[in-house]
Amino acid sequence: MKKFDNSAINDLPSGVSRREWHRMALALAMAPWLTPAAQAQALTRAAGAAEGPRWQVDPFSLGLASGQPQPGSVVLWTRLRIAEADAAMRAQPVAVLCEVFADAALRQPVRQWRVQTDAVRAHSVHVVANGLQAGRPYWYRFVCGSASSPVGRARTSPATDDPVDRLRIALASCQHYEQGYFAAHREMAQSELDLVLFVGDYIYESSNAQHMLRKHLGGVPKLLDEYRDRHAQYKTDADLQACHAAHTWVMTWDDHEVVNDYANDLDRSYTDPQVFLRRRAAAYQAYFEHMPVRLGPDPANTSQMRIHDRMAWGRLADLWTLDGRQYRDHQACPDPMRGGGRVVVGCDALADPSRSMLGMAQERWFSEGLTGSTKRWKLVAQSTQMSSSGVNTPLGRSAFTDGWDGYPQARARLLRTVAQAGVQNVLLLGGDVHMNVAAQLRVQPNDERSPIVASEVVTTSITSRGLSEKLLAQIRDSNPDILHARADERGYTLLEVRPEGINAEFRTTPNPAQADGVFKTQAQWAIRSGVAGLQKT
């Protein structure tokens, strides 16, 4: 795994603790391209950039990010966090300059955009940086008055017909701030990647005192300012900032960005749907304000926001990001006292073919795109585990109703589409379950008479605690399609996609994830082009 060269700071100064040294290294990772010449240039103002506020406190303390690459564009993001010393700036629009460069030394300016932001959007900035060349890196920063942001590195996707020979992705999910440190992001920031693919639970609205290593500020968010504060706290993490600065991200969400186990317009407390949708609108608005995404909430209905998308990486791959929360049917066979997911046996509603995890409109959109794709690989990113994880019991097979086992007919529909259309090289990518999973996907799960039609890789959590080994052993015993499942370690998954095959490497550290966590390879799995299913390497 290629690392950035930190040799310039290899000599530990006297009087500096190991923890301070570690944080210094993280600060370097945030801007590994700032040579002395670039640092000097960063102190100068582009034409007109000096006009604006004279800041007492750095307004770019939440960092910056890039996302949703296209062949000629990429989304660039930051948010001004205005301290009390600069409180007068909160009530007025502020101009921010976004600069893009073709080189790491920032000597070759490409384009710049001046945008206005204000308190209505929490002083967030989204620039669709267009007019760029396909398939190459760019360096960018933001300037506002006397303040300059760190420097970030972004990447555009290759041209649609470009014969790309490699795509390197870090797959990640589930980063509970309280349950560990974001050391996985530190390793990702220092790695040679094309994309970070984040598949849900970027923030957590909930707490669990039993597993707390550090503490959320404030209570459970329900209002817009409360969700903004929760996102801002996560964004202050140096490892997370480093990973955003180093790589372009592609994202979808799961439930904790709003509230645990919500389904469409229903939460676990059976809150009146109109009341809950106001909460969902606040959560979606805050999500947009803190992420490098192109689309925000629908102006006509702010509780709706499109997150599902499709992008190509040359001829090598199509990548879908699916939304398994906003449009889904409510969980089957609910507990009348508490909604959300639960484990059931003998739930007749699971056999209802009209029920959908994605919603029928998204299902059709995805199925049409999948069957029409001409790319070598079809990568499908969604928030959770698709392979069955139920347990055989004397009363019948169990199903957890919040996952794909709670929507088995929808799962069968999608996999039947793959089988009947003869679509090859389909890889499902997921998170949510806080464990590494490598599995075969069949129309009829765990039935050897049903051919393998796709492969699945699920990444463990960045920090969130996993299942007990006792329960996981039962799941493995009841599901022969699951080739690998471990919930005892935290981390991410490194994917290398090539025309001839895909390699998936589970990178992990012991639970709970520590600030100075060291990562190893837990296991590696391979997929060969034209052969459905995974092979251990």
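Biologist: How many residues are in the largest nonpolar core, and which have the most contacts inside it?

Modeller: The largest nonpolar core holds 42 residues, and Met188, Tyr202, Trp249 and Val258 have the most contacts inside it. A nonpolar core here is a set of buried Ala, Val, Leu, Ile, Met, Phe, Trp, Tyr and Cys residues joined through side-chain atoms within 4.5 Å. Buried means under 20% relative accessible area, exposed means over 50%, and partly exposed is in between (1.4 Å probe, protein chains only).

Biologist: Which helices and strands each supply at least two residues of this core?

Modeller: They are β9 (167–172), α3 (183–189), β10 (195–198), α4, α5 (238–246), β11 (248–251), α6 and β22 (489–498). The largest share, seven residues, comes from α6. Helices (H or I, at least four residues) and strands (E, at least two) are DSSP runs, numbered from the N terminus.

Biologist: Before I go on, what kind of model is this?

Modeller: This is a predicted model, in which local features need pLDDT of at least 70 and side-chain atom pairs count only at pLDDT 80 or more, while totals for chains, interfaces and linings use all residues. Residues are numbered from 1 along each chain as its sequence is written, and side-chain values use heavy atoms, with hydrogens and water left out.

Biologist: Back to Met188. What does Met188 touch?

Modeller: Not counting residues up to four places away in sequence, Met188 touches Ala170, Ala172, Leu193, Cys243, His247, Ile462 and Tyr492. Contact means heavy atoms within 4.5 Å.

Biologist: And Gln175, where is its place? Buried or exposed?

Modeller: Gln175 sits in the loop between β9 and α3. Gln175 is buried, with a relative accessible area of 0%. Leaving aside neighbours within four places in sequence, its contacts include Phe182, His185, Tyr202, Tyr234, Leu240 and Ile462.

Biologist: New topic, helices. At what angle do α4 and α6 pack?

Modeller: Helix α4 (residues 224–235) and helix α6 (residues 273–289) pack at about 35°, with their axes 8 Å apart. Axes are lines fitted to C-alpha atoms, for helices over the stretch in contact, and angles run from 0 to 180 degrees between N-to-C directions.

Biologist: Which residues meet there?

Modeller: From α4 there are Leu224, Tyr227, Arg228 and His231, and they meet Arg279, Ala282, Ala283, Gln285, Ala286, Tyr287 and Glu289 in α6. The residues of this contact divide into six nonpolar, two polar and three charged.

Biologist: Now the sheets. In what order do the ten strands of the open sheet come?

Modeller: The order is β5-β2-β1-β11-β10-β9-β22-β23-β24-β25, and the pairing is mixed. β5 (124–129) and β25 (535–536) are at the edges, each with a single partner strand, so one side of each has no neighbour in the sheet. Two strands pair if DSSP finds at least two bridges between them.

Biologist: How do β1 and β2 pair?

Modeller: β1 and strand β2 (residues 73–79) pair in the antiparallel sense over five bridges. They form a hairpin with two residues between them. Ser66 has Leu76 in β2 as a bridge partner.

Biologist: And β1 with β11?

Modeller: That pairing is parallel, over two bridges, and Ser66 stands opposite Thr248 in β11. β1 is mostly covered, with six of its seven residues buried. α5 lies across β1 (64–70), β10 and β11, at about 40° to β1.

Biologist: How do β10 and β11 pair?

Modeller: In the parallel sense, over three bridges. Trp249 in β11 is the bridge partner of Val196.

Biologist: Last topic, the backbone. Which peptide bond is cis?

Modeller: The bond from Asn511 to Pro512 is cis, with omega near -5°. Pro512 lies in the loop between β23 (501–510) and β24 (520–528).

Biologist: What is the phi of Ala122?

Modeller: Ala122 has a positive phi of about 55° although it is not a glycine. Ala122 is in the loop between β4 (109–117) and β5, and at 5% relative accessibility it counts as buried.

Biologist: And Asn446?

Modeller: Asn446 also is not a glycine, and its phi is positive, about 65°. Asn446 lies in the loop between β19 (436–442) and β20 (452–458). At 22% relative accessibility, Asn446 counts as partly exposed.

Terms used:
Nonpolar A, V, L, I, M, F, W, Y, C, P; charged D, E, K, R; others polar.
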